[in-house]
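Please take a look at the sequence and the model first.

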Amino acid sequence: MTTRKKIVIISIVMIVIGAGVGVYFMRDALFGGAPSKTSLPSSVDKNLNLKDITAVATAANTLSDSGAGPDKVQQVYDAAIESSTEPAVEAQYYIFKSSAYINEKQYDQAFEAASKAESLSPSKSTAAELAEVYVLKNDKPNAIKYFKLA
């Protein structure tokens, strides 16, 4: 084999390897991230873009409105959280989880979800959610503290 053929073959191999590495590291941008290990409820479209906050919220609300139960709603948010790579987006999903728990009067779980949101990405939204949970738990000093932050 001539030197020229060896160079051509090595160049082709390097291009293929480079393209594969590029696709691997760009998969989030190209394909919406790694697939979630948390399975979605069967009534939810399996092509749901878990990176789209509005689409996830709509899917969860549709489940809730159809009477699917709080576990199915939380399953949607868990899948979205698992696929998230951005703390602010993940925090928003935790706020959604907290609100869903509030609707079910599960205030301890709502507090856990709101606290996780606050730890990921402190914002007026997370402060408002924590304030609401503190009100529902009759913790007025902390409710006031977080209302002032919101």
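**Ground rules.** This is a predicted model, in which local features need pLDDT of at least 70, side-chain atom pairs count only at pLDDT 80 or more, and totals for chains, interfaces and linings use all residues. Residues are numbered from 1 along each chain as its sequence is written, and side-chain values use heavy atoms, with hydrogens and water left out.

**The whole chain.** The protein chain has eight helices and zero strands. Helices (H or I, at least four residues) and strands (E, at least two) are DSSP runs, numbered from the N terminus. Buried residues make up 31% of the 150 residues. Here, buried means under 20% relative accessible area, exposed means over 50%, and partly exposed lies in between (1.4 Å probe, protein chains only). The chain exposes about 9,500 Å², an area from the Shrake-Rupley method with a 1.4 Å probe. Carbon and sulfur atoms supply 58% of that area. A contact means heavy atoms within 4.5 Å. Among contacts between residues at least 6 apart in sequence, 44% join residues at least 24 apart.

**Confidence.** The predictor's confidence in each residue is its pLDDT, from 0 to 100. The chain averages 82, and 79% of the residues score at least 70. Among the elements, helix α2 (residues 27-31) has the lowest mean pLDDT, 48, while α6 has the highest, 96. Where pLDDT is low, the predicted coordinates should not be read in detail.

**Salt bridges.** Side chains of opposite charge can pair when their charged atoms come close. A salt bridge is a side-chain nitrogen of Lys or Arg within 4 Å of a carboxyl oxygen of Asp or Glu. By this rule the count is two.

| Salt bridge | N to O distance |
|---|---|
| D78 and K97 | 2.6 Å |
| D108 and K137 | 2.9 Å |

Take D78 and K97, which meet at 2.6 Å. D78 lies in helix α4 (residues 70-83) and K97 in helix α5 (residues 87-103), so the pair ties together parts 19 residues apart in sequence. D78 is partly exposed, at 30% relative accessibility. K97 is buried, at 7%. Leaving aside neighbours within four places in sequence, K97 is in contact with Q74, Y77, D78, I81 and A113.

The other bridge joins D108 and K137. D108 lies in helix α6 (residues 107-120), and K137 sits in the loop between α7 (124-136) and α8 (140-149), so this pair ties together parts 29 residues apart in sequence. D108 counts as partly exposed, at 47% relative accessibility. K137 also counts as partly exposed, at 34%.

**Helix α7.** What does α7 pack against? Its buried residues pack against α5, α6 and α8. Those buried residues are T126, A127, E129, L130, A131, V133 and Y134. An α-helix has 3.6 residues a turn, so residues three or four places apart point the same way.

α7 has 13 residues and reaches 18 Å from its first C-alpha to its last, close to the 18 Å expected. The expected span is 1.5 Å times one less than the number of residues. At the start of α7, a side-chain oxygen of S123 reaches to within 3.3 Å of the backbone nitrogen of S125. After α7 comes N138, whose phi is positive, near 60°.

Definitions and conventions
A polar contact is a pair of N or O atoms within 3.5 Å; within protein, one must be able to donate a hydrogen and the other to accept it, and residues adjacent in sequence count only if both atoms are side-chain atoms.
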